[in-house]
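Here is a short briefing to read alongside the model.

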6 protein chains.
Amino acid sequence: MKIMVINPNTSSSMTEHLRKVLEERKRPDTQLSVVNPEHGPLTIESAFEESWATVNMLGLVKKANQDGFDGIIIACFSDPGLRASREISDIPVFGIMETSLHIACMLGSRFTIITNRRERVPHKVQQVHELGLGNFLASVRPLNLSVQETDSNPQVAKRRIMEVSRSAVEEDGAEVIVLGCAGMAGYEEEIEKELKVAVLDPSTVTLKFAEALAEIGLRHSKLGLFARPPEKEFK
Amino acid sequence: MKIMVINPNTSSSMTEHLRKVLEERKRPDTQLSVVNPEHGPLTIESAFEESWATVNMLGLVKKANQDGFDGIIIACFSDPGLRASREISDIPVFGIMETSLHIACMLGSRFTIITNRRERVPHKVQQVHELGLGNFLASVRPLNLSVQETDSNPQVAKRRIMEVSRSAVEEDGAEVIVLGCAGMAGYEEEIEKELKVAVLDPSTVTLKFAEALAEIGLRHSKLGLFARPPEKEFK
Amino acid sequence: MKIMVINPNTSSSMTEHLRKVLEERKRPDTQLSVVNPEHGPLTIESAFEESWATVNMLGLVKKANQDGFDGIIIACFSDPGLRASREISDIPVFGIMETSLHIACMLGSRFTIITNRRERVPHKVQQVHELGLGNFLASVRPLNLSVQETDSNPQVAKRRIMEVSRSAVEEDGAEVIVLGCAGMAGYEEEIEKELKVAVLDPSTVTLKFAEALAEIGLRHSKLGLFARPPEKEFK
Amino acid sequence: MKIMVINPNTSSSMTEHLRKVLEERKRPDTQLSVVNPEHGPLTIESAFEESWATVNMLGLVKKANQDGFDGIIIACFSDPGLRASREISDIPVFGIMETSLHIACMLGSRFTIITNRRERVPHKVQQVHELGLGNFLASVRPLNLSVQETDSNPQVAKRRIMEVSRSAVEEDGAEVIVLGCAGMAGYEEEIEKELKVAVLDPSTVTLKFAEALAEIGLRHSKLGLFARPPEKEFK
Amino acid sequence: MKIMVINPNTSSSMTEHLRKVLEERKRPDTQLSVVNPEHGPLTIESAFEESWATVNMLGLVKKANQDGFDGIIIACFSDPGLRASREISDIPVFGIMETSLHIACMLGSRFTIITNRRERVPHKVQQVHELGLGNFLASVRPLNLSVQETDSNPQVAKRRIMEVSRSAVEEDGAEVIVLGCAGMAGYEEEIEKELKVAVLDPSTVTLKFAEALAEIGLRHSKLGLFARPPEKEFK
Amino acid sequence: MKIMVINPNTSSSMTEHLRKVLEERKRPDTQLSVVNPEHGPLTIESAFEESWATVNMLGLVKKANQDGFDGIIIACFSDPGLRASREISDIPVFGIMETSLHIACMLGSRFTIITNRRERVPHKVQQVHELGLGNFLASVRPLNLSVQETDSNPQVAKRRIMEVSRSAVEEDGAEVIVLGCAGMAGYEEEIEKELKVAVLDPSTVTLKFAEALAEIGLRHSKLGLFARPPEKEFK
């Protein structure tokens, strides 16, 4: 089985980190291609940056379809370009936010998303409602660390993730923690042990989910929401 | 990996059918144990029957925990005993309704559930709302065939499933079809081809999902909704 | 008028307490039969225990139908077996949770449920949403006393109920307090006087409601959600 | 027990009809005072008319409080002046729409309201949503008979009510029918027998409910939504 | 363009204040007629007072229609009589609550309403839900100043508005502040500058909105919810 | 007042049409600049095309900010790039879908959106829910004419719009019609007269709304959902 994992930003160190994490967790018979677009923003922390990331990664989606891949994962916790990618793709496309949140719904009564910056909280809350999962949301809580700080300072990141998770459990009633940034992967087990919650690294669970669905050939409906765009002139 | 699949009714022919379908679809390294409780109703078409099925299968849940299983699937499309099972289990328990509906949400804009009897329609609609997924529901449509008729008369069943799916697409705007009864498995591909919708056999997708989650050791939170019941006297 | 009140657990002291409370509040012409099943859990604090309580009380539901009762009350604040009971009953069946919450909705803008154990909070929140009444919920707050402690230590129970009610009013905006455990009955008036909220003992209000509906012969629809299960084989 | 039933319009024939219906259904020990305001619209079929009916009936609410009544029923299926009445009343005030719809929610999975005029349908739908009960609504269907035609032509009214109820059941999935106009009372039993739905006459069920709550002295919270208005100057 | 602005209470000083504020903000070519009914409550802080205000202002609505006005604004932040006014009006009628809340929805992710008295908070929350905008609500927070205190003590009012706005931003996640009482107009800019939120004075934004819609002749649908009441006898 | 109207596609004939319509409806003192990006899709009928349109128009948003404009309108009925534009803009940005739907909510009880192609219906329904306005939606109905056919064949377009509007009113209960494609402008009055509904041309109402808000300097909150993206490297 061949899965393309697209890191939609242009940080090759994050792509590398993602590859390392996912290579360890893939099935033996899964072939991963972890890539990022050549152009676009170094990290994605706004709708503005999502827009640029989207158009830059659409070529990779097309390529995955041409090169016989069995599935595509968009590995940024705001699912940039998910709908557009599904429209132009015949193979299934998975967003790590959508996938991990639906899984979170099944593992406990309410989930908390941990995100990087305080300013992103309203955006995440909004996206949860747009996905139709507002009833399952305990809270969105910020680390108050930028994506790069999280990446470069794992000790601080880990301590903050633990603190924030504990507040989510004790003050917001969270039973599931979703690590809403690729850079947070790897701390799941410790938090689980300490707080008795379920903890999800979105990239990891989405990889397992993609493998599972790709194996049985399940695909998105092409009838309506994800119908292929009509051929048309571009200037 | 060892997965116990519990058919909560006592029809050994349905258990057999389920075993046959799932044995073909499991991963090579998955060991399936497909079982049904010794006592209880022959089929499950009411809350009354769900109650009896539940208490009769709880022993199997306990046994799966003792015998080193990695996950449990409750293979009846009303998820009888799902919450109780999770409370007494340290390994993950998957309901085929909950699992397949969350997956359906990701494959197109609205799903239709096909159920057996007309009288069950309000119950299914109710359950979708109780799961918090009412916004994703296109409709619940009955086959107007009993579980046993569906089982024993595959030609009629298949024709009816196709008719009902077509109505769901054309009249209710469904983009995803969920085959809401174990006996309907096996027709997915033909409907997909004919109607361009995504079609889910709940048992199959739940098996793949259970394998995926069990592989990475993801479990339900034991903090609140699924906390272990306190020890107590039974008369 | 003959009403059967079923305490679904097997604690005869709780059944006795319930009988005492309700005998004082019934209409003069109402004949109460307050009973509990012979077998099952001593108290009900989990879905697991609800399952066992349900199957053990279904015989009492059948008996009430045969013996010419006019209505049945399930007197446990999680309404175990309510749907199953309605399916097999031609006389109306009332759950004290469902009934008291609908009444609470009419007495003020938001209600708070007081429950026994902290672990049960997510379950109660979930049930309010499943009943479709999430918009009316101010909060669920725990006493942090077990059912048995509440029962055996009325002074402590009373003080805690008052404290928790006050927090519900001041912090959560509750205008109505629902005493979510049979053992809390009897403190309504004092809380009402002190806090100016409406306070409901679910068993009491459900008895009055059951008498009212039984008097005019109003029954559940048997068309769909509560249709009688088809005759079928049990093993 | 003394209950004041206020018909908020000024049609003394409707008041008479209401008195006749409710006198037959009250408890022996209930004293009914069925009244209408002296001034205001002859029937109520718009928000404009509701406004006038409201101010004209508020004096009756005050009088009921002064004269030692135990409860007040506002007997018009749009609950005009319900909130204002509760603010100025220390005894409980019941609206026949709010009360009957909450009861309808408990008798089956979805209810249909039958109203008089087609133009009123959006208003009723809106009110169900404002009450927070939109999830329980199957449909609102018009009789296409004015309040007066319904009143003066019982044969036609009865046939139309049966037709409309049948459509509600067969096309909208209704399991409960709410007769949304005082003039429709009296046909409940026949519809129930013919269609196997539950049928509610709002005035009747509200009377029984009011008797039940008044008996145990349960009242609206005066903390917030129904707090007494501050004393103030009127010009 | 001629716009009638109705202050539905009978405080001529508030009418005067409103006129002063709106005269400064109207378009040069707009003719304003700012009026209040002759009779009714001096201020409006309950549903009871809303009822009296409504019937007293309906004559002004009729007059605006007869005198060739292009639009009507009901300038009280609970929109008393809005639906009734629309029914009897052929020209558009705007409520300052409905209008300003829809606009608030577009200026940031969640809004907070500042109201005068603590007792009014549940009523405002209720109204936001009745308008169908509950998803956009961060909170309703009281000034704990009466309408008259706000009016007569601008320094205190301003300091309290700033404090409450800051709490709304920091504790409730508000991005938009709606000044829910006519007397609060004039402080918008300072709060905006200090807190970087959007701040709305409902009367001002409704005037601009009314001018905009009146200019292109857009009117309410008269098909259903706002259909003209049938001619009928009043006693 | 200077307003930039961005047609996000690259069809200069549609830009021309838009200019013509809006020039007639603008205030005398409004200066319009109606533009389209140089590059991108000729029409926008998918999320894929929205992505490309977005990045191509963001430069125009920046330019409007630099050139002293008072507001920006994105004139495509799927609001492509609305959030991104608001993030990078200090002047208010209006989407014609969001604006017209909020206005539609105030003009009658439910609205119907008319869109071009049947395949786009699920996307529109989805967007209404994402905007949080699902409760106000009667239906989305397709013309079954492409954007270009609508543009080039006004007679056919007009007849179809009337037919579809009539179905929306009679079958779906619509009281407001939103013409969900720029090419449909100009038929509002005729439909209004024939069907007594309110009819909105989104571009027109958004222009009037933008003028109204720009006049009083009301802007989007820059605190959270529309906070300016941090400076960062692009590759």
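How many bridges join strand β5 (residues 111-115) of chain E to strand β7 (residues 176-179) of chain E? Four bridges do so, and the two strands run parallel. Before going further, please keep in mind that this is a predicted model, in which local features need pLDDT of at least 70, side-chain atom pairs count only at pLDDT 80 or more, and totals for chains, interfaces and linings use all residues. Residues are numbered from 1 along each chain as its sequence is written, while chains are lettered from A and ligands numbered from 1 in the order in which they are written.

**The sheet in chain E**

- β5(E) and β7(E) belong to an open sheet of four strands with the order β6-β5-β7-β8 and parallel pairing.
- β6 (137-142) and β8 (198-200) of chain E are the edge strands; each has a single partner strand, so one side of each is left without a neighbour in the sheet.
- On average, neighbouring strands of this sheet are turned by 20° against each other, direction ignored.
- Within the sheet, E:I114 stands opposite E:L179 of β7(E).
- Two terms apply here: strands pair if DSSP finds at least two bridges between them, and elements are DSSP runs numbered from the N terminus, helices being H or I with at least four residues and strands E with at least two.

- Chain C has an open sheet of four strands in the order β6-β5-β7-β8, with parallel pairing.
- Its edge strands, β6 (137-142) and β8 (198-200) of chain C, each pair on one side only.
- Three bridges join β7 (residues 176-179) of chain C to β8(C), and these strands run parallel.
- C:V178 stands opposite C:L200 in β8(C).
- Helix α4 (residues 96-105) of chain C packs on the sheet and touches β5 (111-115), β7 and β8 of chain C. The direction of α4(C) makes about 170° with that of β7(C).
- Axes are lines fitted to C-alpha atoms, for helices over the stretch in contact, and angles run from 0 to 180 degrees between N-to-C directions.

**Chains E and D**

- 37 residues of chain E are in contact (C-beta atoms, placed from the backbone, within 7 Å) with 37 residues of chain D.
- On the chain E side, α2 (47-66), α3 (82-87) and α5 (121-130) each supply at least two residues, and the largest share, eight residues, comes from α2(E).
- That side of chain E divides into 16 nonpolar, 11 polar and 10 charged residues. Here Ala, Val, Leu, Ile, Met, Phe, Trp, Tyr, Cys and Pro count as nonpolar, Asp, Glu, Lys and Arg as charged, and the others, Gly among them, as polar.
- Chain E superposes on chain D by a rotation of 180° with 0.0 Å of shift along its axis (RMSD 0.0 Å), which is the relation of a two-fold axis.
- In chain E, the C-alpha nearest the axis belongs to E:E130, 2.3 Å from it.
- Both copies use the same surface: 100% of the contact residues of chain E recur in chain D.

**Other chain pairs**

- 36 residues of chain B are in contact with 36 residues of chain A.
- α4 (96-107) and α9 (202-215) of chain B are the elements giving two or more residues to the chain B side, with α9(B) giving the most, eight residues.
- By class, that side of chain B has 17 nonpolar, 10 polar and nine charged residues.
- Chain A and chain D share no contact, and their closest C-alpha atoms lie 15 Å apart.

**A helix pair in chain F**

- The axes of α4 (residues 96-107) and α9 (residues 202-215) of chain F come within 9 Å and cross at roughly 85°.
- α4(F) is therefore roughly perpendicular to α9(F), a label for angles of 65 to 115 degrees (under 35 is roughly parallel, over 145 roughly antiparallel, and the rest oblique).
- Residues F:I96, F:M97, F:T99, F:S100 and F:I103 in α4(F) meet F:P202, F:S203, F:V205, F:T206 and F:F209 in α9(F).

Key:
Contact = placed C-beta atoms within 7 Å. Least-squares fit on C-alpha atoms with pLDDT ≥ 70 in both.
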